[in-house]
Amino acid sequence: NASSKAQETLSRGEKSQLRMNEVDPGKDNFSVLIAGIDDSKHRKGEKGFEGNRTDALILATFNRDQKSVKMVSIPRDSYVTIPGRMNKDKITHAHAFGGIDLTVDTVEHLFNIPVDYYVRVNFDAFLQIVDTLGGVDVDVKKKIVEQDSQDRPGAITIEPGQQRLNAEQALAFARTRHADSDIMRGDRQKQIVEAIIKESTQIKSIPKYGKLIENVGDNMSTNFTFGNMLALLKYAKSVGDIESLKLEGTDTRINNIYYYSLNEQSVQNIGARLKEHLAYTGSGTQDS
Ligand code: C30
């Protein structure tokens, strides 16, 4: 009976409060929040995920009939309401205040759609996943010089063009931002997620995939069950269309702190499109 150390239920339980019924990723439409965290020991000590911020946050919806995926990257400095907090704050802080539970609540509150699943990874999980896939294909728009996972400055150089990145290169691609911005970095992270979904359709060895889910252990946490993850692999093979949506906003300063002020209309439009994509009609029993 295979299980996974990575499996961790949210404190809300299996189903979102915005859902009437539990969602089965093996047969229903569903949403996944993908969170990337830097919990490097040399920087953050031994705390693991706790108390850290989310440096990458991507919400993806999966529609089974259309065999399609839509995803949006939420910039980490987005100025949002975090449920239970007095003042609006950067979305990245939701994780530091209340872990993945509060991050999920915050994203649900932002778009007013259910977040059914989450996958939270640190650098090591990211490297293990991309390694197991044997790399990922991406189109690199401009030359990248970046540190590696051990923070050795300039250790990774990537020339522009369509190419296959190994795990360290893919991490550098997902991290780099100083040459442009966190918003552009969000675009690159969506490219990586798309590449991971596409690459997982090439997985020939189910045992190898199962081993990955076991080995990734403490470096990943998710409320998908081991069985869900096996079903997802089959699902990934059917996905034909992956669309990337862009959340609009503007740079701003409040009390001399930098924020990304989300365009209200854009938030609503994206919420509506994801809602439609999920064929989500109803409210559940949310009480706030
Ligand atoms: C298959 C199907 C059908 C469905 C399953 C769902 C799917 C597709 C799941 C995919 C799962 C995966 C693995 C998705 C990948 C997600 C991605 C793109 C992750 C990105 C990489 C990652 C693991 C973490 C984020 C890394 C980033 C963006 C930045 C790290 C400074 C921060 C905030 C600190 C940080 C600090 C230093 C040196 N850094 O940080 O590169 O150093 O950049 O300067 O912006 O960060 O500030 O305070 O956390 O330590 O001090 P950086 P920075």
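Let's start with two helices: the axes of H3 (residues 123–133) and H6 (residues 206–215) come within 10 Å and cross at roughly 170°. Angles over 145 degrees count as roughly antiparallel, so H3 is roughly antiparallel to H6. Keep in mind that this is a predicted model.

Who touches whom here? On the H3 side you'll find Gln-128, Ile-129 and Thr-132, and they meet Lys-208, Leu-212 and Asn-215 of H6. By class, the residues of this contact are 2 nonpolar, 3 polar and 1 charged.

Now for the empty space. Rolling a probe the size of a water molecule over the atoms shows where such space is left. The largest pocket holds about 1,200 Å³. It is lined by 50 residues, and the closest to its centre are Ile-34, Val-121, Phe-126, Val-193 and Ile-196.

There is also 1 cavity of 30 Å³ or more in the structure. Its lining includes Ser-73 and Pro-75, along with Asp-182, Lys-190 and Tyr-260.

Here are the two spaces side by side:

| Space | Volume | Lining by class |
|---|---|---|
| Largest pocket | about 1,200 Å³ | 34 nonpolar, 8 polar, 8 charged residues |
| Largest cavity | about 70 Å³ | 5 nonpolar, 2 polar, 4 charged residues |

Which helix gives the most to the lining of the largest pocket? That's H5 (residues 182–200), with 7 residues. H5 turns up again at the largest cavity, where it gives the most to the lining, with 5 residues.

Conventions
Residues are numbered from 1 along each chain as its sequence is written. This is a predicted model: local features need pLDDT of at least 70, side-chain atom pairs count only at pLDDT 80 or more; totals for chains, interfaces and linings use all residues. Side-chain values use heavy atoms; hydrogens and water are left out. On a 1 Å grid over the protein atoms alone, a cavity is a set of points where a 1.4 Å probe fits but cannot get out, and a pocket is an open set with protein on both sides within 12 Å along at least five of seven lines; lining residues have an atom within 4 Å of a point. Grid points are joined across faces, edges and corners, and a volume is the space filled by probe spheres set on the points. Helices (H or I, at least four residues) and strands (E, at least two) are DSSP runs, numbered from the N terminus. Ala, Val, Leu, Ile, Met, Phe, Trp, Tyr, Cys and Pro count as nonpolar, Asp, Glu, Lys and Arg as charged, and the others, Gly among them, as polar. Axes are lines fitted to C-alpha atoms, for helices over the stretch in contact, and angles run from 0 to 180 degrees between N-to-C directions. Angles under 35 degrees count as roughly parallel, over 145 as roughly antiparallel, 65 to 115 as roughly perpendicular and the rest as oblique. Contact means heavy atoms within 4.5 Å.
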